[in-house]
Each structure stands twice: as structure tokens, then as C-alpha cells.
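Me: Please take a close look at one part of this model, the open sheet and the core around it. How is that part put together?

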Amino acid sequence: MVPGVATAQPLFSFGLISDVQYADIPDGRSFLGVPRYYKHSILILQRAVKEWNAHQKHKFVINFGDIVDGFCPKDQSIDAVKKVVDEFEMFRGPVYHMIGNHCLYNLPRSKLLPLLKIQTLDGCAYYDFSPVPEYRFVVLDSYDISAIGWSRDHPKTLEALKLLREKNPNEDKNSPTNLKGLERRFLMFNGGIGKEQMDWLDGVLQNATKLKQKVVVSSHLPLDPCATSEEALLWNCDEVMNLIHRYKCVKVILAGHDHKGGYSIDSHGVHHRVFEAALECPPGTDAFGSVYVYDDRISLVGTDRMASTDMHFSPQ
Ligand SMILES: [Zn+2]
């Protein structure tokens with residue numbers, strides 16, 4: 001044994017994958033020209049589940065959203081979502097889902113949330129869970145305030161459209177043309193966190209602090225501009241980060257949506273890791289991970305295109 005090398009056993013481990021964006025359609029490209037392999041991505045999920053099941057000790061799996069692509073023919077949306085969910089359910093343990101814009105292009109919340117088994121009273125999709133007493137996981141609903149997913153006349157749709165009109169003068173609200181720097185996040189395919197969810201998050205962080213729990217926040221949309229392109233950020237990432245920084249309990253923020261992946265440590269020592277998309281893996285390659293959680297760090301072991309990242313918590 002090498003002196004000084006940590007040999008502690010993890011408290012627990014879990015599996016993760018992001019942006020499967022499956023569809024039974026020919027391969028294509030993103031608006032930036034990056035190849036997308038719509039049919040291959042479900043094979044990655046199958047390989048991931050097989051791998052996670054081989055690690056008997058994985059406590060759960062988190063899916064970071066966008067399980068079916070927006071180009072999926074709409075008469076196939078329900079079957080495609082079910083097909084991907086069925087693959088996740090081959091994992092022998094709980095699977096925690098979150099919704100992404102592509103999920104909402106396919107199905108409204110009323111149909112989507114029951115398929116993803118997200119408990120909801122009012123159509124919102126944020127929740128938390130505590131796999132061990134030392135840790136709390138928060139799953140945000142990044143499309144709480146959004147122009148997609150709610151009915152056209154829903155107050156949250158109207159609030160989102162008002163914000164987009166104010167912030168983005170382009171006719172196509174998915175275009176960042178002429179928007180500068182961080183303002184480039186005000187695009188229709190993004191969303192924001194509403195007042196009730198902010199209050200709920202505040203309450204969870206207060207409670208976690210009282211219980212001396214460390215918190216891992218999961219969100220489809222990234223929260224730190226140093227870990228992602230500006231066009232992928234949550235609309236009110238600054239407001240959410242101001243709230244998070246009032247506490248010391250949040251150690252790591254994990255996200256999807258910006259397919260190329262990214263990593264940063266912010267001014268308060270919070271780690272931000274944005275995951276590489278399964279969708280953009282050429283056939284035969286993978287992008288999924290296993291995360292090992294310790295008292296003082298979490299360690300992501302990525303496969304192929306998903307980089308491995310050791311996230312050591314800063315001393316308090
Ligand atoms: Zn997305």
C-alpha cells in the first residue's frame with residue numbers, strides 16, 4: 001500500500017447517464033454540425049445498465065434528462081419514452097429521472113411525469129432524496145418556468161414568453177444572434193426555476209444544514225458559465241447560485257444538456273460537472289459513469305467519452 005493514498009471505502013455509489021435522446025430515425029447533426037446517433041444511444045444505455053448491474057453495490061441511477069429526441073415522430077413519442085424507461089428499469093434499484101427540453105418536445109408534463117414515475121401534485125418535477133443519512137440529493141426542475149411543456153395559456157408559459165420577449169429580440173427565440181456573453185442563455189430551449197421551487201430549495205438546504213448533510217444538486221440545465229457554453233445555462237442560474245452560496249452544504253452540482261461536457265469549481269468551492277451526451281457517441285463508443293461518494297469527495301469514473309473527475313470538497 002502506498003502511504004498517503006486514500007483507501008477508504010465509499011459510503012455508496014451510483015450510476016449516471018445524460019442526453020440519450022433516442023429516436024428511431026437516421027443519424028443526423030446538431031445545429032452546430034456535431035453528429036448525432038439517435039438509434040445507437042439506446043445501445044449505450046443498455047451497456048450502461050449491464051455495467052451498473054454488475055456493480056451490485058450501486059444504490060441508484062440518475063438520468064439527467066432528454067431521453068427522447070425532439071425529432072422523434074410525434075405518433076411514436078409515447079412508445080419511444082416507454083422503450084427508454086423500460087431499459088432504465090432493467091437496473092436492479094431505484095432510477096431517478098429528470099425532464100429535459102427534448103422530453104417536453106415529445107410529451108406534455110401530464111403524460112411524461114407518470115411515465116418517468118416522478119411524483120407530482122401540480123405538474124412540477126423537482127424532488128429530493130437521501131440515500132444515506134450523510135447525503136441529500138436535490139433534483140431540480142429546470143423547465144419550471146418554460147415556454148415548452150405547459151399549456152399555451154399556463155401562467156408559467158406566459159411568464160417564460162414575457163422573459164424571452166424582454167431578453168431576446170430575435171424572432172426565433174431559439175437563436176442567440178446578437179446576444180452577448182451570459183445573455184446568450186435566454187433561448188426558448190432553456191428554462192428557469194420559479195418562486196415556489198426557490199422557496200422549496202431554500203427549505204431543503206436549511207434542513208440539510210441542520211442535519212449536517214452534504215448536498216448534491218442535479219439539474220438538466222447547468223448553473224455555472226465556466227462549466228458550459230452560455231447558450232446552455234439555466235435562465236436564473238445567478239439567482240439559484242446566490243441561494244446555494246448562502247449555505248455551505250452544497251458540494252457538487254451535476255447537469256446535462258450541453259453535450260460536450262464540462263467541469264469547473266466556482267468561487268465558493270462548489271464543483272460543477274456537466275456530462276457528455278450519450279447521443280453524440282459514434283457507434284461502439286460510450287458515455288456513462290459510476291460515481292463513488294465519500295465523506296470528503298465524490299469520484300466520477302467515466303466510460304469512453306465521459307471523462308473521469310475527482311471532486312474533493314474544499315475544507316470549511
Ligand atoms: Zn436538453
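Reply: A nonpolar core is here a set of buried Ala, Val, Leu, Ile, Met, Phe, Trp, Tyr and Cys residues joined through C-beta atoms within 7 Å. The model is predicted. Its largest nonpolar core has 86 residues, and those with the most contacts inside it are Leu16, Val20, Tyr22, Leu45, Val68, Val84 and Ala278. Helix H1 (residues 41–54) gives the most to this core, contributing 6 residues. For Tyr22, leaving aside residues up to four places away in sequence, the contacts are Tyr38, Ser41, Ile42, Ile67, Val68, Asp69, Ala80 and Val84.

Now the sheet. The open sheet has 6 strands in the order E5-E4-E1-E12-E13-E14, and its pairing is mixed. Strand E5 (95–97) and strand E14 (309–312) are the edge strands, each pairing on one side only. On average, neighbouring strands of this sheet are turned by 20° against each other, direction ignored. Strand E1 (residues 12–17) and strand E4 (residues 58–63) run parallel and are joined by 5 bridges. Within this pair, Phe14 stands opposite Phe60 in E4. H1 packs on the sheet, where H1 touches E1 and E4, and the direction of H1 makes about 175° with that of E1.

Over residues 14–260 the chain is 31% helix and 16% strand, with the end C-alpha atoms 22 Å apart. Helix H7 (residues 237–245) has Cys237, Val240, Met241 and Ile244 as its buried residues. These lie on the same side of H7, because they cover an arc of only 95° around the axis. What covers the buried residues of H7 includes strand E9 (250–255).

Note on methods:
Residues are numbered from 1 along each chain as its sequence is written. This is a predicted model: local features need pLDDT of at least 70, side-chain atom pairs count only at pLDDT 80 or more; totals for chains, interfaces and linings use all residues. A residue is buried if 20 or more other C-beta atoms lie within 10 Å of its own, exposed if 12 or fewer, and partly exposed in between; C-beta atoms are placed from the backbone. Helices (H or I, at least four residues) and strands (E, at least two) are DSSP runs, numbered from the N terminus. Two residues are in contact if their C-beta atoms, placed from the backbone, lie within 7 Å. The arc is that of the directions from the helix axis to the C-beta atoms. Two strands pair if DSSP finds at least two bridges between them. Axes are lines fitted to C-alpha atoms, for helices over the stretch in contact, and angles run from 0 to 180 degrees between N-to-C directions.
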